[in-house]
Amino acid sequence: MKSKVQSPKSKVEKWAIVALGANLGDSRGNILGAMRRLEPFSERPSRRSSLWETTPIHCPPGSPVFVNAVVGLVAGRGETPETLLAKLQALEKEFGRRPKEVLNEPRLLDLDLIVFGYETRATPELTLPHPRAHERRFVLQPLSEFAPDLILPGQTISVTELLHRLPPDESMRKLDSSL
């Protein structure tokens with residue numbers, strides 16, 4: 001049984017939640033590979049969601065479906081949101097990510113830092129918590145698998161409650177739950 005990421009005021013205050021997405025190449029393989037590569041970023045075993053297939057949202061016409069997942073990491077001593085973001089961006093490049101030419105274009109790997117403990121940021125490079133995470137089923141559904149009671153910074157209700165407030169998406173489907 002997977003243990004849960006605890007809600008605010010818990011003993012674990014430096015949980016970093018990373019959303020993964022891919023819709024080019026071997027999307028499933030890229031997400032699984034990135035999950036393995038994220039493991040050393042965590043002080044303790046990471047928490048992983050299942051893989052989910054999702055319809056592209058606000059993407060160019062004809063964009064392929066996404067494979068999405070979420071990973072929970074325990075940030076190491078001295079880790080900051082900025083240092084973790086740099087590691088995530090380097091990992092994206094290792095998987096072949098290039099600078100964007102078109103907004104929300106298809107990509108081999110996308111890693112979004114959703115939260116980093118209770119830290120907040122509003123810089124050109126990083127906004128924490130992620131400003132739209134609470135509105136995105138492709139983030140909340142996977143996150144609810146291991147952190148259903150988590151209250152995202154800036155929110156007043158749990159991940160599960162946020163998820164229930166979103167309109168249904170019949171096209172979203174679980175691909176693999178045996179991670």
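Predicted model: local features only at pLDDT ≥ 70, side-chain atom pairs only at ≥ 80, totals over all residues.
Biologist: What makes the 26 residues of the largest nonpolar core a core?

Modeller: A nonpolar core is a set of buried Ala, Val, Leu, Ile, Met, Phe, Trp, Tyr and Cys residues joined through side-chain atoms within 4.5 Å. Leu20, Ile31, Met35, Leu38, Leu88 and Leu113 have the most contacts inside this one. Helix 1 gives the largest share, 5 residues. Numbering runs from 1 along each chain, and side-chain values use heavy atoms, without hydrogens and water.

Biologist: How do you know that the span of helix 1 agrees with its 12 residues?

Modeller: The expected span is 1.5 Å times one less than the number of residues. That should give 16 Å, and the end C-alpha atoms are 16 Å apart, so the two agree.

Biologist: Why is the pair glutamate 79 and lysine 87 called a salt bridge?

Modeller: The term asks for a side-chain nitrogen of Lys or Arg within 4 Å of a carboxyl oxygen of Asp or Glu. Here N to O is 2.9 Å, so the pair counts.

Biologist: And is glutamate 79 buried or exposed?

Modeller: Buried means under 20% relative accessible area, exposed over 50%, partly exposed in between (1.4 Å probe, protein chains only). Glutamate 79 has 11%, so it is buried.

Biologist: What makes lysine 87 partly exposed?

Modeller: Its relative accessibility is 35%, so lysine 87 falls in between.

Note on methods:
Helix = DSSP H or I, 4+ residues; strand = E, 2+ residues; numbered from the N terminus.
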